[in-house]
Amino acid sequence: MTDTTVETAPEESAEPGEAQLPAAFEGTPPPAAADEAARASEEKLPEALGTRRLADLMAERMGLSVTAHDVMQLVEEHQALEAVDEYNGWPMYATAAALALEVELVRQVVEKRREWVKASLPRDAAAERIGWHWRDIVRMGREGRITVGRFDRYLISDLDKLAAEADGEQYITAQAAAELLEIRPSDWKYVEAAGWIEAASSYEQPVGRYRTVTVALFKLGEVRALREMPGVDWEAVRAVPKGKPSALKEYAKLAPTRAAAIKDFCQALADRHGVTVWAWCSPYSGGWEMDWERLDGAPTKAQVKDELAADPQAGRYAKEVSLCPRWGRITRRARQLLQPDTAVILDTETTDLDGQCIEIAVIDAATGKKLMNTLVKPTEPISQGAHWVHGISDEDVAGARPWERVLPRLRKVTRDRVICAYNSSFDRNIVLGDTRRAGKKPMHLEPWDNWYCLMESYASWVGSSRWLPLGGGHRALGDTQAAREVLVEMSQGRGTTFTPQAPLPGDPVPGPSDGTALAAVPGQLSGEPAPA
């Protein structure tokens, strides 16, 4: 498991907390462990020490650059030491037990730390390396786009890959966005008011001692896309002299009217038919997109198209509204998968990219309940690269059950369910490969129709042309839970959600405008009784 303990990130030129050994100790062979324990007793050393003093003593006796962080690794990862006392809430460990540890074990812990420090950078250095703001580095680490390890350091290879593949996903302020478009900050306000872009995030900026202001952040790629907005003469906008009204003002006047009309129509549609409706204004096309639940009696696409055209307000914008977009179909499918006894979510961790399963977890999609979560003993060693990602070592799986003993439980919890996985192609190949390697039949785990790829669906749902990392913690159970969050997010639709609202006593039943073809059909939409 990746250690994410919050510690002060050191300079990249120094190893965290590493003491400089005197020259006399460099290359000195460490004494035997038994001799060390006896020596500790003879010298009447304290029976217990805190991590820092214990690290200094171990460094002196063993000839290694031991730090307090290494001592904690020996405690937490290897269970080599146990707290025997405490001082002001800080644990203390037996001195004799620490000095009796195998020197080779301590050496491995020290080398592992040094290798990680060499392969990673602290936050600010990571941001400087790829020219991003440190807030974006932290966000990408939280989302799992960059491996974050001990001392809050970031894996250099992930940073370099991110710089090449994720350009445009950085967040910038309104001021920076205006500068990018070469317009005035006052012009940018009309860009927002026109509904062409929405803030992706925000943060609180202190102002004085007692208050803060909210600073909106916008995705760089979406700001760049505004330069291709059809019908906008950006040169004319830039040519407006200082102090004169913005040329974008006319667009801002239209947007709220269109938005209000379309939103009113969506709410009326939800009330008339008793279905949930979703509507989203696309910052890419500038138009609106709509979809709705497909329950028994729900309107067809043709019916909604006719109702939209007949609406006295929203009808003016009918050509600017797209019905049943791709994200709508994915939203409806996600809602189906979240129904009870319909689907499970699976994730695996492996020895390598195309290796064997070493951990598998399955949860119920509807409830999030854990159905299985177990380590698996492979027949090949875990690669160093994979270990850096998920933190599982060969020692961790040495006593685990082999795949053939895990398979029956997997078959049971997935039977008659859709198997959702964030990268279904990867996880399916791992499951089938280990099953065939064990000489077993995959049964219902094999057909493609039994699997559902959340990664591909999510990329289509957000309109991305490439796959999006999950952002989990790279352990099987945590990744299934993160994948379920993606499924829930997709089930909520895009933009604004409109749910049916029961009319108050005396309120008229919503229906299409008088004089329209739809209103002339008794009992269908107007609230009149249908003829017998």
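Modeller: Happy to, and keep in mind that this is a predicted model. Let's begin with strand S2 (residues 83-87), which pairs with S3 in the antiparallel sense over four bridges.

Biologist: What makes S2 and S3 count as paired?

Modeller: Two strands pair if there are at least two bridges between them. S2 and S3 have four bridges, so they pair by that rule. One of the contacts puts Ala83 with Tyr93 in S3 as its bridge partner. The two strands form a hairpin with two residues between them, and Asn88 in the turn has a positive phi of about 55°.

Biologist: How do you know that strand S1 (residues 48-49) is joined to strand S3 (residues 90-94)?

Modeller: Two bridges join these antiparallel strands, and at least two are needed, so S1 and S3 pair. Leu49 stands opposite Tyr93 in S3.

Biologist: Why are strand S15 (401-402) and strand S17 (451-453) called edge strands?

Modeller: Six strands form an open sheet of mixed pairing, in the order S15-S14-S13-S12-S16-S17. S15 and S17 each pair on one side only, and that makes them the edge strands. Within this sheet, S13 and S14 pair in the antiparallel sense over five bridges, with Asn373 in S14 as the bridge partner of Ala361.

Biologist: Why is Lys301 called partly exposed?

Modeller: Lys301 has 47% relative accessibility. Buried means under 20% and exposed over 50%, so a value in between is partly exposed.

Note on methods. Residues numbered from 1 in each chain as written. Predicted model: local features only at pLDDT ≥ 70, side-chain atom pairs only at ≥ 80, totals over all residues. Heavy atoms only, no water. Buried < 20%, exposed > 50% of the residue type's maximum accessible area, 1.4 Å probe, protein only.
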